[in-house]
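This report considers selected local features of one protein chain. The sequence and the structure are shown first.

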Amino acid sequence: MCDTCGCGNPDEFKIHDHNHEHAHGHPHDHEHTHEDGHRHTHSHGHEGHDHDHDHDHGHDHPHEHAPKKVISLNMDILSENNLMAERNRGWFEAKHVLCLNLVSSPGSGKTTILEKTIQSLVSTQKLFVIEGDQQTTRDADRIEKSGAPAIQINTGSGCHLDAKMIQLALKKLEVSDHAILFIENVGNLVCPAMFDLGEQKRVVVISVTEGDDKPMKYPYMFQSSNLCIINKTDLLPYVDFKVETAMAYARQLNPDLEFILMSAKTGEGMAEWFDWLRQTLPVS
């Protein structure tokens, strides 16, 4: 288990189609006998440190599990990730690459936005995409059909991408200088907020079908984002979503957060999105 967010093993991921498969985390059982003659069977998990105890006697032994150890481990995981993220960021800066981390709940329309973006800009701008999903290569296949090189990271039971995964994917994707790299993170507004990937900007996408209180339910994601795209605005007449309410909640958390109202289906807001991309490109 991932001690930071509670998801599956963070080292158990695949990068397609290069057969990079990592699997770790095997439980070990062992028995030992105490000096007083009774036997204990302990089952230890590597990362979650869960213990099962079978006792041949009728009295209890208190076992204290100090929270400080868990906190320390969480800090170590994030510290290692942040160090790797800084290396990624330096690599992007050296190559004048704009790296954007796109985060959202499942079904918000991230992939459709990317498809429309690639179709409109690929003739004038070098674009690359790293796709994150727990399973399948469907999104990477969609992106490549739109005209941009893409690589798929499958996280297995993991619910977020991390900086190490991005570094390994970059070695396979061969991103050009002066390009835009889109990282479409795993659909989740909790765990991806904790993991810096080395991106210059974080873009959170919500749709009007999700409820206008989304920022208050997932505050850290909105606190850590630079731009909020409110997608599927063509459905506003049919849903109970107040744009002003959602924006007000988000601004309570992050006064500097920018907004773009968009319908990837109809094209509303796409021009504004393209302008934002151009203005965010690093100066050569």
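This is a predicted model: local features need pLDDT of at least 70, side-chain atom pairs count only at pLDDT 80 or more; totals for chains, interfaces and linings use all residues.

Is Trp-273 buried or exposed? With a relative accessible area of 0%, Trp-273 is buried.

## Aromatic cluster

Three aromatic pairs are found when the whole structure is searched. Phe-182 and Trp-273 make up a tilted pair, with 6.5 Å from centre to centre and 40° between the planes. This pair links distant parts of the chain, since Phe-182 belongs to strand β9 (residues 180–184) and Trp-273 to helix α8 (residues 270–280), 91 residues apart. Phe-182 counts as buried because its relative accessibility is 0%, below the 20% limit for that class.

Trp-273 also pairs with Trp-276, and here the arrangement is stacked: the centres are 5.8 Å apart and the planes are 10° apart. The angle falls under the 30 degrees required for a stacked pair. Because Trp-273 and Trp-276 are three residues apart in helix α8, about one helical turn separates them. Both Trp-273 and Trp-276 are buried. Through these ring pairs, Phe-182, Trp-273 and Trp-276 are linked into a cluster.

## Helix α7

Helix α7 spans residues 243–253, and its buried residues are Val-243, Ala-246, Met-247 and Ala-250. These residues lie on the same side of α7 because they cover an arc of only 95° around the axis. On the face turned away from that buried side, α7 carries the exposed residues Glu-244 and Gln-252.

Which elements do the buried residues of α7 pack against? The partners are α5 (214–217), α6 (219–223), β11 (227–231) and β12 (258–261). The buried side of α7 thus holds Val-243, Ala-246, Met-247 and Ala-250, and these buried residues pack against both helices and strands.

## Gln-125 in a loop

Gln-125 is located in the loop that runs between α2 (110–121) and β7 (127–133). Why does Gln-125 count as buried? The reason is its relative accessibility of 16%, a value under the 20% cut-off.

When neighbours within four places in sequence are left aside, the residues in contact with Gln-125 are His-178, Ala-179, Ile-180 and Leu-281. Among them, Ile-180 falls within the residue range of strand β9 (residues 180–184), the strand that also contains Phe-182 of the tilted aromatic pair with Trp-273.

Conventions. Residues are numbered from 1 along each chain as its sequence is written. Side-chain values use heavy atoms; hydrogens and water are left out. Helices (H or I, at least four residues) and strands (E, at least two) are DSSP runs, numbered from the N terminus. Buried means under 20% relative accessible area, exposed over 50%, partly exposed in between (1.4 Å probe, protein chains only). Contact means heavy atoms within 4.5 Å. The arc is that of the directions from the helix axis to the C-beta atoms. Rings of Phe, Tyr and Trp (its six-membered ring) pair if their centres lie within 6.5 Å; planes under 30 degrees apart count as stacked, over 60 as edge-to-face and the rest as tilted.
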